[in-house]
Amino acid sequence: MGILTTILEFPVVALLAVWNSFLAILTRLNNRPSTVAHFETDSLTSLLLTSQFFVKPSPPPEGTSFVGKTALITGSNTGLGLATARVLLQHGLSRLIIAVRNVEKGERAKLNLRVEFPGAKIDVWEVDMARFSSVVAFAKRANAELERLDVAILNAGLIKPDWGMTEDGHEEVFQVNYLSTALLAVMLLPVLRSTTRNVESVARLTVVSSTMGLVSQFKNRHADPLLKSFDEFDGTRGWSLQDGSDRYSVTKLLGMMLVRRLAGLVSSEKVIINAVDPALVKNTGLQDLMPYFPARLVGNAIGRLAGRTMTQGAWAYVDAVDGKKEESHGRLVRNWEIDTAHPMMNTEDGKKVEEELWAETVEELEKVAGVKAILGV
Ligand SMILES: NC(=O)c1ccc[n+]([C@@H]2O[C@H](COP(=O)([O-])OP(=O)(O)OC[C@H]3O[C@@H](n4cnc5c(N)ncnc54)[C@H](OP(=O)(O)O)[C@@H]3O)[C@@H](O)[C@H]2O)c1
C-alpha cells in the first residue's frame, strides 16, 4: 500500500467526490419526492475504494479445470463475458456457448477464440434478453440440444441513458437485467440439474450483479403491484442521469434477491446458484452506455485509474462458478469472499419486499413460459 496507494487514491477519491456531488445536484434538480425512507447503505465510494485498492485479484488456483465441461455465457461477444470465456478456455473448457443478441458479433468473438483454443468446441447461439420469446426459444434449445451444461453465467446486462419499452411491455433495463435473467435462470434449471452426477461436480448458475446494486435505495419497493411500477414513467419529467443510474442499481439488487429465492427452491446438491460482483472493471462497453456525456467522462476516468482489468474481472466470475462451493448458494460473491449483500435484504421489510417481488415474478414468468412446473411451486 503506502505512498503509491495514496498517490493512486487521490485522483480517484476526487473523481468519486465530483461524481457524488454531481448526482446530488441532479437529484435536487429533479426534486422527485419519495415517500419511502432513505435506506442506510455503505457509500459507493467506500465500497469501491475497498474493492479497487485493498483487494488483490487472484487468478483461479492451480488445478482449476473445466476439462470435459460445457459453459454458456450470455453477452459473451465482448467485455467481461468474453474475458470469462477466455479464462474458462485457458482452463480446459471443452464446449462454450456464446449466447448473444447479435450473431455476427458473436461469430467474430468465436473466430478469435478459435485461433487461441483450436481444441474447444465453440458455438454461437442467439438470445435477445429484451424479448421473452427469444429467451424461451434459447432455453428450449439448450435443454434439447445440450448433453450437459456445467456452468451458466447470466452476464448480459446494460445501463441506458433513456427510457424505452420492449415489445413485451417492460422497461428495457428492467427486462434485460432482471425479468429475462430470471426467466432464463429458471428455464435452464432442467439441463443444469440433469448434468449434476455427484457432489464433486455440481452444475453452476451464476447471475452477474454489481456494487451499484449494494447501494440501491429501491425507492419503489412498497409499490403495489411491484413489477408494474418498474414499467411506469411520468414522461413529462424526463428520464434523468439519476433515474438511469437508479434503474441499473435496482435491477442488480433484484438479481441478488432472485438468487436467494432460487437457492431456496433448488438444492445446492443439484445446482449451486449464486451472484457475483466483479467490482469496477475498465474498458468494457458498460461505461460507454452510461447516461449523459460528463458522467461517461468521469466514469471512464475512474475506470482508467482504479478499474480492474477484464481478465481480473473474469477471475472474479471464475471464483464464483468454481472456487466457491455450496457455501455461496443463494449468496453474493464479491472480492473473492461471500458478501453480506445489500443490508436491506437482512431486514424484515426487505424480506417482505423480496417475497412480493418473487411472487409477482413467478406469476409474470408463468404467463410467458409456465415456470411453475420447473420450480415445483
Ligand atoms: N464493467 C463493470 O465495471 C461492471 C461492474 C459490475 C457489473 N458489471 C456487469 O457485468 C456484465 C457485463 O458487462 P460489461 O461491463 O462486460 O459490459 P459490456 O461490454 O457492455 O457487455 C454487456 C454484454 O451484454 C450484452 N447485452 C446487452 N443487452 C442485451 C440483450 N438485450 N440481449 C442479449 N445481450 C445483451 C451486450 O451485447 P451487445 O454487444 O450486443 O451490446 C454485451 O455482450 C453486466 O451485467 C454488467 O452489469 C460490469
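In this predicted model, the crossing of helices H6 and H12 is right-handed. H6 spans residues 172–195 and H12 spans residues 348–369. The two helices pack at an angle of about 70 degrees. Their axes lie 11 Å apart. Angles of 65 to 115 degrees count as roughly perpendicular, and H6 is therefore roughly perpendicular to H12. On the H6 side, the contact is formed by Leu179, Ala182, Leu183, Val186 and Met187. H12 contributes Thr361, Glu364, Leu365, Val368 and Ala369. By class, this contact has eight nonpolar residues, one polar residue and one charged residue.

H6 also packs against helix H5, which covers residues 132–145. The angle here is about 15 degrees, and the axes are 9 Å apart. Angles under 35 degrees count as roughly parallel, so H5 is roughly parallel to H6. The crossing of H5 and H6 is right-handed. H5 supplies Phe132, Val135, Val136, Ala139, Ala142 and Asn143 to the contact. From H6 come Ser180, Leu183, Leu184, Met187, Leu188, Pro190 and Val191. Eleven of the contact residues are nonpolar and two are polar. No charged residue takes part in the contact of H5 with H6.

A further partner of H6 is helix H9, residues 241–265. H6 and H9 pack at an angle of about 15 degrees, with their axes 8 Å apart. The two helices are therefore roughly parallel to each other. H6 passes H9 in a right-handed crossing. Val173, Phe174, Asn177, Tyr178, Thr181, Ala182 and Ala185 of H6 make the contact. They meet Arg247, Tyr248, Thr251, Lys252, Leu254, Gly255, Leu258 and Leu262 of H9. This contact has nine nonpolar, four polar and two charged residues.

Ala182 is named in the contact with H12 and in the contact with H9. Leu183 and Met187 are named in the contact with H12 and in the contact with H5.

The model also contains an open sheet of eight strands. The strand order is S3-S2-S1-S4-S5-S6-S7-S8, and the pairing is mixed. Strand S3 (121–126) and strand S8 (337–339) are the edge strands, each pairing on one side only. From one strand to the next, the twist averages 25 degrees. Strands S6 (residues 271–277) and S7 (residues 332–334) pair in the parallel sense. Three bridges link S6 and S7. Ala275 stands opposite Leu332 in S7.

H3 touches strand S1 (70–74), strand S2 (95–100) and strand S4 (151–154). The direction of H3 makes about 170 degrees with that of S1. Helix H4, residues 103–116, lies across S2 and S3. H4 runs at about 170 degrees to S3.

A cis peptide bond joins Asp224 and Pro225, with omega at about 0 degrees. Phe218 lies in the loop between H7 and H8 as well. Phi of Phe218 is near 40 degrees, a positive value in a residue other than glycine. Most residues other than glycine have a negative phi, and most peptide bonds are trans.

Conventions
Residues are numbered from 1 along each chain as its sequence is written. This is a predicted model: local features need pLDDT of at least 70, side-chain atom pairs count only at pLDDT 80 or more; totals for chains, interfaces and linings use all residues. Axes are lines fitted to C-alpha atoms, for helices over the stretch in contact, and angles run from 0 to 180 degrees between N-to-C directions. Helices (H or I, at least four residues) and strands (E, at least two) are DSSP runs, numbered from the N terminus. Angles under 35 degrees count as roughly parallel, over 145 as roughly antiparallel, 65 to 115 as roughly perpendicular and the rest as oblique. A crossing is left-handed if the near helix is turned anticlockwise from the far one by less than a right angle, and right-handed if clockwise. Two residues are in contact if their C-beta atoms, placed from the backbone, lie within 7 Å. Ala, Val, Leu, Ile, Met, Phe, Trp, Tyr, Cys and Pro count as nonpolar, Asp, Glu, Lys and Arg as charged, and the others, Gly among them, as polar. Two strands pair if DSSP finds at least two bridges between them.
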